[in-house]
Amino acid sequence: MKKVCTLLLLCVFVLTVAACKSVDETSKEKEATTDAIGYYEGKIDIPNQPLGLEVTLQKKDGELSGTMSIPMQGLSDYPLSTVEQKGENELLFTMKIQNQIISFEGKIDSDQIAGTFKQNNQAFPFQLTKAKKTIDAEGEFLQVETAYGTLSAEVKLPEGKGPYPVLLIIPGSGQTDRDGNTVGMAGKNNSLKLLADGLAEQGIATIRYDKRGVKKNSQAITKEEDMRLEQFVDDAVAFIDKLKTDDRFSTIGIIGHSQGSLVGMLAAQEQDIDAYISLAGLGRSIDKDYTINYVNSFLRNYLKRVKIS
């Protein structure tokens, strides 16, 4: 009888140890899948030109996702296309930008991720280190829904009680953000931000937005070959419609810079607005533009010299 009891106690002990081990292993597996979550800073070791980057990885409903910022190129919180963790320490994340897929394949070691960055058949090492992210206070944003995704615009209100006159600030050509800075260009001029600040001091509210594919509106991007000027006009019209439903604003106007000036002109023809301001916009029609005439003259003279009619 004692042998039977001893055997039963031994079985219970073994089962208990096995169960604890199973729970422990399950716990470790769960920990392994959350190791990557966090904010990282690091660089891609491109020869003679290391490229700094910031990556935020998160998990929701069991799925990993994330964003990437490349300050030198003006890329901010751009969504990663895929994030996949294999086993305990292998990690792969990819990003599609301007119809190109770039990938980061590496391994997690404590609070670091290191591996290989690949783009256009080129490969360079990268390193990321988990860090504490400093979050700047963010202002208020208005959102509008368009056929090509949601767009956000930052609101700048003056002090005092409204309603206020409001101006929609439209940025110029290229990958330009709401502050007037261009992706890929060194330094920041913050021209449109300074303009908004100055207008607020004069009692005038403004809203300004990043162009499609840039910063806050990085997800609302279309293929380059599908991009049309009319899309930018529609974006401006959508924001004007939004302003008309906001009781904080009285009169509505447009400020357009460079290409944004042309966009603003066309939007003003579709909307009933109270003011329009052109900053460095076109002053003449394109057939009378000096640059076009100069190029045409140069080509004519060149063709004469090489005797091509």
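The buried residues of helix H4 (259-270) are covered by elements that include strand S12, helix H3, strand S14 and strand S15 (275-279); here, helices (H or I, at least four residues) and strands (E, at least two) are DSSP runs numbered from the N terminus, and contact means heavy atoms within 4.5 Å. The model is predicted, so that local features need a pLDDT of at least 70 and side-chain atom pairs count only at pLDDT 80 or more, whereas totals for chains, interfaces and linings use all residues. Residues are numbered from 1 along each chain as its sequence is written, and side-chain values use heavy atoms, with hydrogens and water left out.

Within H4, the residues Gly260, Ser261, Val263, Gly264 and Ala267 are buried, where buried means under 20% relative accessible area, exposed over 50%, and partly exposed in between (1.4 Å probe, protein chains only). These residues cover an arc of only 160° around the axis, which puts them on the same side of H4; the arc is that of the directions from the helix axis to the C-beta atoms. At 1.5 Å a residue, the twelve residues of H4 should span 16 Å, and the end C-alpha atoms of the helix are 17 Å apart, which agrees; the expected span is 1.5 Å times one less than the number of residues.

Serine 258 lies in the loop between S14 and H4 and is partly exposed, with a relative accessible area of 29%. When residues up to four places away in sequence are not counted, serine 258 touches Gly172, Leu279, Ala280 and Gly281. The C-alpha atoms of serine 258 and serine 278 are separated by 7.8 Å, although the two residues are 20 residues apart along the chain.

The strands named above belong to an open sheet of six strands with mixed pairing, in the order S10-S11-S13-S12-S14-S15, where two strands pair if DSSP finds at least two bridges between them. S10 and S15 stand at the edges, each with a single partner strand, so one side of each is left without a neighbour in the sheet. On average, neighbouring strands of this sheet are turned by 25° against each other, direction ignored; axes are lines fitted to C-alpha atoms, for helices over the stretch in contact, and angles run from 0 to 180 degrees between N-to-C directions.

Strand S12 (residues 164-170) is mostly covered, with six of its seven residues buried. S12 runs parallel to strand S14 (residues 249-257), to which six bridges join it, and also runs parallel to strand S13 (residues 205-209), to which it is joined by four bridges. Leucine 168 stands opposite isoleucine 254 in S14, while in S13 its bridge partner is isoleucine 207. S10 and S11, by contrast, pair in the antiparallel sense over seven bridges, and threonine 146 has glycine 149 in S11 as its bridge partner.

Helix H2 (residues 191-201) lies across S11, S12, S13, S14 and S15 and runs at about 165° to S13, whereas H3 touches S10, S11, S12, S13 and S14, its direction making about 120° with that of S10. The buried residues of H2 are Leu192, Ala196, Leu199 and Ala200; seen down the axis of H2, they fall within an arc of 105°, so they line one face of the helix. On the other side of H2, Leu194 and Glu201 are exposed.

The largest nonpolar core has 27 residues, and those with the most contacts inside it are Leu168, Ile170, Ile207, Tyr209, Ala236, Phe239 and Leu243; a nonpolar core is a set of buried Ala, Val, Leu, Ile, Met, Phe, Trp, Tyr and Cys residues joined through side-chain atoms within 4.5 Å. Strands S10 (140-146), S11 (149-156), S12, S13 and S14, together with helices H3 (229-244) and H4, each supply at least two residues of this core, and H3 gives the most, with eight residues. Alanine 236 touches Leu168, Ile170, Tyr209, Val263 and Ala267, not counting residues up to four places away in sequence. A second, separate core of 25 residues includes Ile70, Leu80, Val83 and Ile102.

The peptide bond from glycine 162 to proline 163 is cis, with omega near 5°, and proline 163 is placed in the loop between S11 and S12. Asparagine 190, in the loop between S12 and H2, has a phi near 50°, a positive value in a residue other than glycine.
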